[in-house]
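Here are some notes for a colleague who is starting to read structures. Please keep the view open beside the text and look up each residue as you reach it.

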Amino acid sequence: MAIDERKWCTPAVVMVAGCVIAVIGMGTRGTLGLFLEPMSSSLSWSRETYALAMAIQNLLWGILLPFAGALTDRYGASWVISAGAVFYALGLWGMSIADSVLMLHISGGILMGLGSAFAAFNLAIAAMVKVVGAERRLLVMGVGTAATSTGQLIFSPMAQGMISSFGWSDALVYLSFISLLMISFAVLLPSNPEVRDEVSTGQGLSEAIREAFSQRGFILLMIGFFACGFHVAFIGIHLPAYVTDLGLAPQVGAYCLALIGLFNIAGSFLSGMAGSRWSKTYGLSWIYLGRALVILGLLVAPKTALTLYVFSALMGLLWLSTIPLTTGVVAEVFGVRYVATLYGFVFFGHQVGSFIGVWLGGVFYDRYGSYDGMWWAGIVVGVLAALIHLPISEKPLPRVAAASAVA
């Protein structure tokens, strides 16, 4: 029943610490699209060059998150997230002094990929979920996801202001120091990985992984989450450049990212609440279909600042609202004990989509001088994801159902 031997490590403390980590981590990460155009112009790089660094970062994040999740499930989140914060800060600092493509890919790709995985907001949310009862878990996932959007809301205009006032290099240095603040809050997370109100079934980590991969629904979740990564990474990195290509001011792009963050706060809360009452997999299908329709609306509407703001607000409602539902399906079907590890594997599908979305965005632009092909691809991917989630079962495995009955 006890979660942590430290008496002051209450659920309230864990909730606050986890949310602040999510704010800082995703807040700084959500600003990276603002650096694409100024860095590429200053260093005479193609957009694909910067996009490939971000793609490497996203792919490493996906590859390493299952390992980070396994360490968190075994030893607790404090040391894992602290180490990730150091890697992430080094990556941002390395980008600030990058004068070659190799250095950009090492710092912005490899180091920040390591940092993204080991200081992932998913790990903080997993720690938050483990200290509350089963009836509050989906709501907590919504709160944690909303915190990531609060970070994007705060950091996007702040980073654009720093770029305008001090230049892109100094702005990256400031973000590097800010990211180190995650360590101060990581030490407040539980050092004990046990789960509140969950009866142990004696299952080991390797057994949990084998069990998950034997279920068709788990594989479909991985495949379907590809669409989320494809959309989020492409839009997050390339939308500010798309805005300036339309002849609009760079501040419009920053405001668009901030609007996505603002409206995702509501979207994440609503997603968590809806998933507590209705089907999570059907909810995911509606979200992905909604994204496809919003992108279609952008393509056919006049390209004005107002159009971009409306697009950002609508996309924000659907932005990370997939995360509470996807994590909720994993936790409900397989239990919470190894949720960080199992979600890490599902998240790998997300990050494969992120890699392709970010990288192909740069390739399409450099080859055709336009992002239109990527927008149409986003529509197709959204529709396919909506169909993929329909047959996924949310029914708990017999082992989980029996343990819940005992609890």
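1. Val173 belongs to helix H8, which covers residues 168–179; helices here are DSSP runs of H or I with at least four residues, strands are runs of E with at least two, and both are numbered from the N terminus. Leaving aside residues up to four places away in sequence, Val173 touches Trp93 and Ser96, where contact means heavy atoms within 4.5 Å. Gly94 lies 79 residues from Val173 in sequence, yet the two C-alpha atoms are 8.7 Å apart in space.

2. This is a predicted model, in which local features need pLDDT of at least 70 and side-chain atom pairs count only at pLDDT 80 or more, while totals for chains, interfaces and linings use all residues. Residues are numbered from 1 along each chain as its sequence is written, and side-chain values use heavy atoms, with hydrogens and water left out.

3. Helix H8 also holds Ala171, and this residue is buried, with a relative accessible area of 0%; buried means under 20% relative accessible area, exposed means over 50%, and partly exposed lies in between, with a 1.4 Å probe and protein chains only. Which residues does Ala171 touch, not counting residues up to four places away in sequence? They are Phe35, Met162 and Ile163. Ala17, by contrast, is 154 residues from Ala171 along the chain, and their C-alpha atoms are separated by 25 Å.

4. In helix H2, which runs over residues 36–43, the buried residues include Leu36, Pro38, Met39 and Ser40.

5. Ser44 lies in the loop between helix H2 and helix H3 (47–75), and just after H2 it takes a positive phi of about 60 degrees, a positive value in a residue other than glycine. Is Ser44 buried or exposed? At 67% relative accessibility, Ser44 counts as exposed.

6. By the rule that a disulfide is a pair of cysteine sulfur atoms within 2.5 Å, the count comes to 0 disulfides.

7. Taken as a whole, the protein has 18 helices and 0 strands. Its radius of gyration is 20 Å, close to the 22 Å that the globule rule gives for 407 residues, so the protein is as compact as a globular protein of that length; the radius is taken over C-alpha atoms, and the rule is 2.2 Å times the number of residues to the power 0.38. Along its principal axes, the C-alpha trace spans about 60 × 40 × 30 Å.

8. Of the 407 residues, 58% count as buried, and among contacts with a separation of 6 or more, residues 24 or more positions apart account for 87%. The protein exposes about 15,200 Å², of which carbon and sulfur atoms supply 71%; accessible areas come from the Shrake-Rupley method with a 1.4 Å probe, and for residues only the protein chains shown count as cover.
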